[in-house]
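Dear colleague,

Please find below the sequence and the structure for your attention. A written account follows directly after them.

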Amino acid sequence: MPVRLLDQLTTYMVVATVVGARLGHCLFYEPEYYLSHPLEILKIWEGGLASHGAAIAILLAIYLFSRKNKLSYWWAIDRIALVTALAGFFIRMGNLMNSEIF
């Protein structure tokens, strides 16, 4: 895969991760508050990220990336499978170290 495409895929995924995680938290856990205070959605430094929101956004971003670059969606998904599993491991280990899960 050309480095240019990898850079573009990485950019799509990073943006999708942050935006999706924040929107996931806002829309899944406290929709009434965030819909009445929409500017609060932008305050990612105050916490509130949902991994399932990030997962949905990453799948959508990879679809858009594949469509733009005329690649197979499944081919693109296959390219990120190992990295995604590794990231999930580190996220859950961080949750464990913060005593957020047992």
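Predicted model: local features only at pLDDT ≥ 70, side-chain atom pairs only at ≥ 80, totals over all residues.

Residues are numbered from 1 along each chain as its sequence is written, and side-chain values use heavy atoms, with hydrogens and water left out.

Overall fold. The chain has 4 helices and 0 strands, and its pattern along the sequence reads α-α-α-α. Helices (H or I, at least four residues) and strands (E, at least two) are DSSP runs numbered from the N terminus. Along the principal axes, the C-alpha atoms occupy a box of roughly 40 × 35 × 20 Å. Of the 102 residues in the chain, 25% are buried; buried means under 20% relative accessible area, exposed over 50%, and partly exposed in between (1.4 Å probe, protein chains only).

Largest pocket. The space in the largest pocket is about 690 Å³. Its lining has 24 residues, of which Thr 17, Ala 54, Ile 58, Ala 87 and Ile 91 are the closest to the centre. A pocket here is an open set of points on a 1 Å grid over the protein atoms alone, with protein on both sides within 12 Å along at least five of seven lines, and lining residues have an atom within 4 Å of a point. The volume is the space filled by probe spheres set on the points, which are joined across faces, edges and corners. Helices α1, α3 (51-68) and α4 (73-97) each supply at least two lining residues, and α4 gives the most, with 10 residues. By type, the lining comprises 17 nonpolar, 5 polar and 2 charged residues. In this division, Ala, Val, Leu, Ile, Met, Phe, Trp, Tyr, Cys and Pro count as nonpolar, Asp, Glu, Lys and Arg as charged, and the others, Gly among them, as polar.

Helix α4 also holds Phe 89, which is partly exposed because its relative accessibility is 45%. Between Phe 89 and Ile 58 there are 31 residues in sequence and 17 Å in space, C-alpha to C-alpha.

Nonpolar patch. Val 15, Val 19, Leu 23, Leu 27, Phe 28, Tyr 29, Leu 35 and Ile 56 form a nonpolar patch on the surface, with about 790 Å² of accessible area together. Patch members have over 30% relative accessible area and no salt bridge, and nonpolar side chains (Val, Leu, Ile, Met, Phe, Trp, Tyr) are joined within 5 Å. The areas come from the Shrake-Rupley method with a 1.4 Å probe. Helix α1 (residues 3-29) contributes the largest share, 6 residues. One of the patch residues, Leu 23, is partly exposed, at 36% relative accessibility.

Salt bridges. The count is 2 salt bridges, each a side-chain nitrogen of Lys or Arg within 4 Å of a carboxyl oxygen of Asp or Glu. Lys 43 pairs with Glu 40 (3.2 Å, N to O), and Asp 78 pairs with Arg 79, with the closest N and O atoms 3.0 Å apart. Lys 43 is partly exposed at 25%, as is Arg 79 at 39%.

Backbone. Lys 70, a residue other than glycine, has a positive phi near 55°. Lys 70 sits in the loop between α3 and α4 and is exposed, at 74% relative accessibility. Ser 99 has a positive phi near 60°, lies in the segment after α4, and is exposed, with a relative accessible area of 55%.

Yours sincerely

Notes. Patch = residues over 30% accessible without salt bridge, like charges linked within 9 Å, V, L, I, M, F, W, Y side chains within 5 Å. 1 Å grid on protein atoms, 1.4 Å probe; cavity = no way out; pocket = protein on both sides within 12 Å on 5 of 7 lines; lining within 4 Å.
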